[in-house]
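Here are my notes on the model, as numbered points. Have the coordinates open while you read.

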Amino acid sequence: QLIKAGAQKWTKTEVAALRELCCPKDATPAEILSFWYVSKRTGLDPFARQIYLVRYGAGEDGGQGRATIQVGIDGFRMVSMDAGGFAGIDEPEFEGEGTEKDKLGNEVKHPIICRVHVYRVIEGTRVKFTGVARWREFAKHFTDKATGKKFLGSMWAAMPYNQLAKCAEALALRKSAPMRLSGVYAPEEI
């Protein structure tokens, strides 16, 4: 079932609350409608903070930045498990190790690649869906405006293996349940 039972029945009061509590204050009607639709499609509850609409930075023209729909890894897991045929997730597999600096200049060891396998039973066969995340494609970096030096974002510096594993798992879960999870991303992927 694509939409959870009851998820498509929102009152005008709930939609107004969605606009007020779960969206950026400058969200356009089109962004709010898109967010509402994706919440319905995934069956995730924006009021429980399973799915949320965020805006990153200013646009290239100096206007408002792009609104993005995000789902935490627990929301991804819930949707995948609810989609039918779910048959497990393996622990992350890490490959290689590198080092980078955090904001204070401390060295942080990190994985180079992470793989996560998600399984689903399709027509009686257990099928494996693999998500592969590479450090250089996902690790969040910032630049010190005073020195021009790049450094890792705080969560990537504090929990590098965990952050990359979330990206790999989100990729695998999205592959395993594309009708429910297409177009939504984990914050770690952004």
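1. Ile190 first: this residue sits in the segment after helix H7 (178-181); helices here are DSSP runs of H or I with at least four residues, strands are E runs of at least two, and both are numbered from the N terminus. At 37% relative accessibility Ile190 counts as partly exposed, where buried means under 20% relative accessible area, exposed over 50%, and partly exposed in between (1.4 Å probe, protein chains only). Together with Tyr56 and Tyr185, Ile190 makes a nonpolar surface patch with about 260 Å² of accessible area.

2. Before going on, the ground rules. This is a predicted model, with local features needing pLDDT of at least 70 and side-chain atom pairs counting only at pLDDT 80 or more, while totals for chains, interfaces and linings use all residues. Residues are numbered from 1 along each chain as its sequence is written, and side-chain values use heavy atoms, leaving out hydrogens and water.

3. Salt bridges (a side-chain nitrogen of Lys or Arg within 4 Å of a carboxyl oxygen of Asp or Glu) come to eleven. One of them joins Arg174 and Glu189 at 2.6 Å, N to O. That pair links distant parts of the chain, with Arg174 in helix H6 (residues 160-176) and Glu189 in the segment after H7, 15 residues apart. Both partners are buried.

4. Compare Asp74 and Arg77, whose closest N and O atoms are 3.0 Å apart in a salt bridge. Both lie in helix H3 (residues 73-82), three residues apart, about one turn of the helix. Asp74 is exposed at 54% relative accessibility, and Arg77 is partly exposed at 28%.

5. Glu95 has Ile113 in S5 as its bridge partner. Five residues lie between the strands, and Gly105 in the turn has a positive phi of about 90 degrees. Lys101 and Glu107 form a salt bridge, closest N and O atoms 3.8 Å apart.

6. What is the span of H2? Buried residues of H2 include Phe35 and Trp36. Just after H2, Gly43 takes a positive phi of about 80 degrees.

Notes: Two strands pair if DSSP finds at least two bridges between them. Patches are made of residues with over 30% relative accessible area and no salt bridge: like charges are joined within 9 Å, nonpolar side chains (Val, Leu, Ile, Met, Phe, Trp, Tyr) within 5 Å. Accessible areas come from the Shrake-Rupley method with a 1.4 Å probe; for residues, only the protein chains shown count as cover.
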